[in-house]
Amino acid sequence: MKAAPFEYARAGSLAEACALLAQHGPDAKLIAGGQSLVPMMAMRLARPAWLVDINDAADLQQIAVDGDHVRIGGGVRQARLERDAAIAAKLPLLPQALRWVGHAQTRNRGTPGGSMVHADPSAEIPLVAVTLGAELKLVSEAEQTWMPAQEFFLAPMVTAIAPDQCLAELRFPVWHEARTGCAFQEVAIRHGDFALASACAQVALDEAGRCTRAAIGVGGAGPVPVALTDVAGQLKGGMLDERAIVDAASAAAAGVEPEADLHASAEYRRHLAQVLVAAALRAAREAALNRRPS
Amino acid sequence: MSERQYTITLDVNGVKRSGIAPARMTLVDFLRDVLRLTGTHIGCEHGICGACSILLDGEPVRSCLMYAVQADGHRVTTVEGLAAADGKLSPLQDSFCEAHALQCGYCTPGMLIASHALLETKADPSEADIREAISGNLCRCTGYQQIVEAVKLAAERRRKEKSA
């Protein structure tokens, strides 16, 4: 379990990282927290010739809230996101999801950028990004582009990022509705393990308790995390009662394409998708109802 | 094949240490094989078991999931750094003995680091806090119950020491 030989360079900034990627070509890889890449290298599933370390790039470690968005640098530690007051207030779904991400020791190193580009189908941060419609800032030496998270994931462990690009920032929309609630639900064999399936939901309710906006996502039940936009859209305008929740959960289960593996059958994963979507919607509704408009 | 070697200087348990390693050497291998600090154990070498836990700049991390060259310029605390300079065990270490929190001892350095980090931030952790803090550490003797009890005992002792 030792990595193949490689050479190492530290980038002090995003620009330096992009320059190093351009210089060393497709055999160079960025390393941030390394919590997925180092095991991949130990098992020699990845054998980069160069590792460009972006842990010193301070410009990748910013958290900012500007009106309609929460902007998170790709290199922010997951442990910091868990504790950040602005994130808790404006993007509460993310800290809820982070409770399920690995363990304290891995969250102290792991980053949201790393989770995204690793693209494990059962990973929590990608699911939140897809569900809420986050946008990703991809930067290379030549240019920078924005890509919707929903277009980023192509297959298990495969994304649309180019070898010379760095995921510099994740931009999440803020929901301003007074009565907004969210929840993240997951089943794993042990806490901290990869999810057998996970689901999250965010809902906004009006004064009468009618749903004005909803987002639902399911992870671990297909090759990539999916936002169930149509199912969520069906909830809009109606009361978010038990019947609406059960119907949405059934539609969600019908809308995913889980595969069987050693840990769970496809049927079981589909069942979990249904149960977890219902649980997430119920908990999100309760959170929205209990929230005192500020 | 001549692999490029990197000079690595870091603060280990309050002492400045240097060594030479190829980029692919993990931090745990560097601590054990180059600096000869064999208190930190290597279990799975891919971030599952937690035996290699250390404090990096005060935070618990897995030293098999970092290359030594990445730790250049940083501050590391290993299990050797938990005891007093004269070798006297810390209240946490002593509580592990007291509560029989180790059988084979393989997971112990990682368990100590994880629980030490918890007690540094929470003086009076609940049982759930303790279980959460050591959830990334596997004990194949499955002595978890005694480990939880040891951490509870240590928290109590530390609080008494503070108030005394």
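The C-alpha centres of domain 1 and domain 2 of chain B lie 22 Å apart. Domain 1 of chain B covers residues 5–81 and domain 2 of chain B covers residues 91–163, with bounds that come from an automatic or database domain assignment. This is a predicted model, in which local features need pLDDT of at least 70, side-chain atom pairs count only at pLDDT 80 or more, and totals for chains, interfaces and linings use all residues. Residues are numbered from 1 along each chain as its sequence is written, while chains are lettered from A and ligands numbered from 1 in the order in which they are written.

How many residues of each domain of chain B are in contact with the other? There are 14 from domain 1 of chain B and 11 from domain 2 of chain B; two residues are in contact if their C-beta atoms, placed from the backbone, lie within 7 Å. On the domain 1 side, the elements that give two or more residues are β3 (53–56) and β4 of chain B. The most come from β3(B), with three residues. Helices (H or I, at least four residues) and strands (E, at least two) are DSSP runs, numbered from the N terminus. By class, this side of domain 1 of chain B has seven nonpolar, six polar and one charged residues. Here Ala, Val, Leu, Ile, Met, Phe, Trp, Tyr, Cys and Pro count as nonpolar, Asp, Glu, Lys and Arg as charged, and the others, Gly among them, as polar.

Read from the N terminus, their order is β-β-α-β-β-β-α-α-α-α. The C-alpha trace of chain B spans about 55 × 35 × 25 Å along its principal axes. A compact globule of 164 residues would have a radius of gyration near 15 Å, and the 16 Å of chain B agrees with this. The radius is taken over C-alpha atoms, and the globule rule is 2.2 Å times the number of residues to the power 0.38. In chain B, 45% of the 164 residues count as buried. A residue is buried if 20 or more other C-beta atoms lie within 10 Å of its own, exposed if 12 or fewer, and partly exposed in between, with C-beta atoms placed from the backbone. Of the contacts in chain B between residues at least 6 apart in sequence, 57% join residues at least 24 apart. The average pLDDT of chain B is 96, and 99% of the residues score at least 70; pLDDT is the predictor's confidence in each residue, from 0 to 100.

Chain B also touches chain A. This contact takes 23 residues from chain B and 24 residues from chain A. On the chain B side, strand β4 (residues 59–62) gives the largest share, four residues. That side divides into 10 nonpolar, seven polar and six charged residues. For the complex, the predictor gives an ipTM of 0.94 and a pTM of 0.95.

Chain A has 12 helices and 14 strands. Its C-alpha atoms fill a box of roughly 60 × 45 × 30 Å along the principal axes. With 294 residues, a compact globule would have a radius of gyration near 19 Å, and chain A agrees, at 19 Å. Buried residues make up 52% of chain A.

Chain A is divided into domain 1 (7–53), domain 2 (58–173) and domain 3 (180–290). The centres of domain 1 and domain 2 of chain A, taken over C-alpha atoms, are separated by 18 Å. Their contact takes 14 residues from domain 1 of chain A and 18 residues from domain 2 of chain A. Helix α1 (residues 14–24) of chain A supplies six residues, the largest share of the domain 1 side. By class, that side has nine nonpolar, five polar and no charged residues.

Is helix α8 (residues 124–132) of chain A mostly covered or mostly open? It is mostly covered, with nine of its nine residues buried. Among them are Glu124(A), Pro126(A) and Thr131(A). Just after α8(A), Gly133(A) takes a positive phi of about 70°.

Last comes the interior. In soluble globular proteins, nonpolar side chains tend to be buried together. The largest nonpolar core has 147 residues; such a core is a set of buried Ala, Val, Leu, Ile, Met, Phe, Trp, Tyr and Cys residues joined through C-beta atoms within 7 Å. Ala252(A) is one of the residues that touch the most other members. Leaving aside neighbours within four places in sequence, the contacts of Ala252(A) include Ile216(A), Leu228(A) and Val277(A).
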